[in-house]
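Try each one before you read its solution.

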Amino acid sequence: MRIPINLFLFVLLITSMACKDSSTSPEEEVDNTPSLRNNVPYPFGAAIQTWHLNDGNYVGVMRDEFSSLTAEYEMKMSPMYNDPSAIDFSDTDEFMEFAEALDIRVHGHALIWHSATPSWIENFSGSDAEFEELIENYIKTVVGRYRGQIASWDVVNEAFEDGGSNELRNSVFRQRMGDDYVAKCFQWAREADPDVLLFYNDYGMSQNGSKLDRVMSMIDDFGERGIPIDGVGYQMHISYNWPSISQIQGATGKAVSRDLLIHYSELDIRVNPEAEQTSYTLELDNRFTDRMMEIIELYDDVPEELQFGITMWGVKDDDTWLRSFWDNQDEWPLLYNEDFTPKTAYQSILDFYSN
């Protein structure tokens with residue numbers, strides 16, 4: 001049976017409060033327990049789905065460890081706007097209620113993504129002008145609904161093709177709205193919420209120099225035209241030995257030099273890309289820890305005012321999309337083991353920020 005989220009949270013919070021001595025002062029109630037939430041000086045988060053909110057193990061980890069949450073699925077267009085007659089906010093409202101109850105920042109993901117477009121929009125039979133009006137209304141309605149609640153949005157996700165040219169994808173948005181559709185989407189998001197932070201998010205920018213250059217050229221063009229953009233999301237789907245840390249550092253530096261917020265937005269680390277291991281060995285744990293700490297140390301060097309945060313793309317290993325994508329069940333790319341115990345890298349992060 002699925003427990004209503006408000007009832008579940010009520011029980012959780014009341015139980016938590018009952019464990020405290022009512023005679024303690026506010027100063028004494030401050031939780032100084034070592035945790036990612038308490039020790040890492042920038043937001044450290046995870047991507048989750050709404051069904052996780054009714055699992056006490058997930059709730060405990062998110063409550064104690066994470067200061068930022070991303071909806072892995074529910075805030076994309078396909079689940080929200082599958083019915084052309086209305087936008088369905090039920091799951092997103094539940095997600096927001098959960099985050100608010102636990103005082104966790106929410107990063108919205110993602111308003112426009114070619115792979116999460118409802119079929120009725122892909123096959124929209126109206127005019128191009130009507131299509132553009134439809135998308136404008138969608139963005140303004142969604143962003144406006146959560147104005148002042150959602151801290152930031154990935155406005156457009158993965159707009160550029162791979163390969164040498166890295167041209168704009170020939171998505172339905174480009175076909176119906178023209179090459180300037182990305183700028184239009186950012187402008188509409190800003191009109192809906194003047195204070196929300198707006199991000200462009202993409203994968204492969206750390207090792208694909210031509211894609212990175214195309215993204216930076218777009219951002220430079222935005223600056224010249226007054227199109228709002230606040231930050232860049234580097235997805236960071238990486239392996240333990242690829243790309244090189246110098247490549248990641250160089251790619252990050254291009255956004256830093258433009259005074260853009262830096263979000264390592266979908267971090268996971270493949271430690272068994274060749275599927276040579278069938279269990280999580282000490283060697284694989286060392287691979288994960290070493291790579292994770294390379295990323296932490298690199299991100300720590302980003303100017304503090306540009307550190308938007310790091311988001312793991314899932315909580316524990318069996319959450320990962322990588323197992324099905326690569327048809328490899330023997331992959332362990334996240335910070336927690338399948339039984340919710342933290343990996344060695346967890347303590348290494350705490351130790352790094354305790355020194």
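A cavity is a set of grid points where a 1.4 Å probe fits but cannot get out. Keep in mind that this is a predicted model.

**Exercise 1.** Find which residues line the largest cavity.

*Solution.* Start with the search: across the whole structure, one cavity of 30 Å³ or more turns up. The largest cavity has a volume of about 40 Å³. Next, look at its lining, which is made up of I112, W113, H114, V156, N157, E158, A159, R169, S171, F173 and Y181. Now sort these residues by type: six are nonpolar, three polar and two charged. Finally, turn to the strands: β3 (105-113) and β4 (152-157) each give at least two residues to this lining.

**Exercise 2.** Work out whether the span of helix α9 (residues 181-192) agrees with its number of residues.

*Solution.* Helix α9 has twelve residues, and at 1.5 Å a residue they should span 16 Å. The end C-alpha atoms of α9 are 17 Å apart, which agrees.

**Exercise 3.** Decide whether T252 is buried or exposed.

*Solution.* First locate T252, in helix α11 (residues 245-256). Buried means under 20% relative accessible area. T252 has 3% relative accessibility, so it counts as buried. Beyond its neighbours within four places in sequence, T252 is in contact with Y234, I262, Y264, L298 and V302. With Y264, the side chain of T252 makes a polar contact of 2.7 Å.

How values were computed. Residues numbered from 1 in each chain as written. Predicted model: local features only at pLDDT ≥ 70, side-chain atom pairs only at ≥ 80, totals over all residues. Heavy atoms only, no water. 1 Å grid on protein atoms, 1.4 Å probe; cavity = no way out; pocket = protein on both sides within 12 Å on 5 of 7 lines; lining within 4 Å. Points joined across faces, edges and corners; volume = space filled by probe spheres on them. Helix = DSSP H or I, 4+ residues; strand = E, 2+ residues; numbered from the N terminus. Nonpolar A, V, L, I, M, F, W, Y, C, P; charged D, E, K, R; others polar. Buried < 20%, exposed > 50% of the residue type's maximum accessible area, 1.4 Å probe, protein only. Polar contact = N/O pair within 3.5 Å; in protein donor to acceptor, adjacent residues only side chain to side chain. Contact = heavy atoms within 4.5 Å. Expected span 1.5 Å × (residues − 1).
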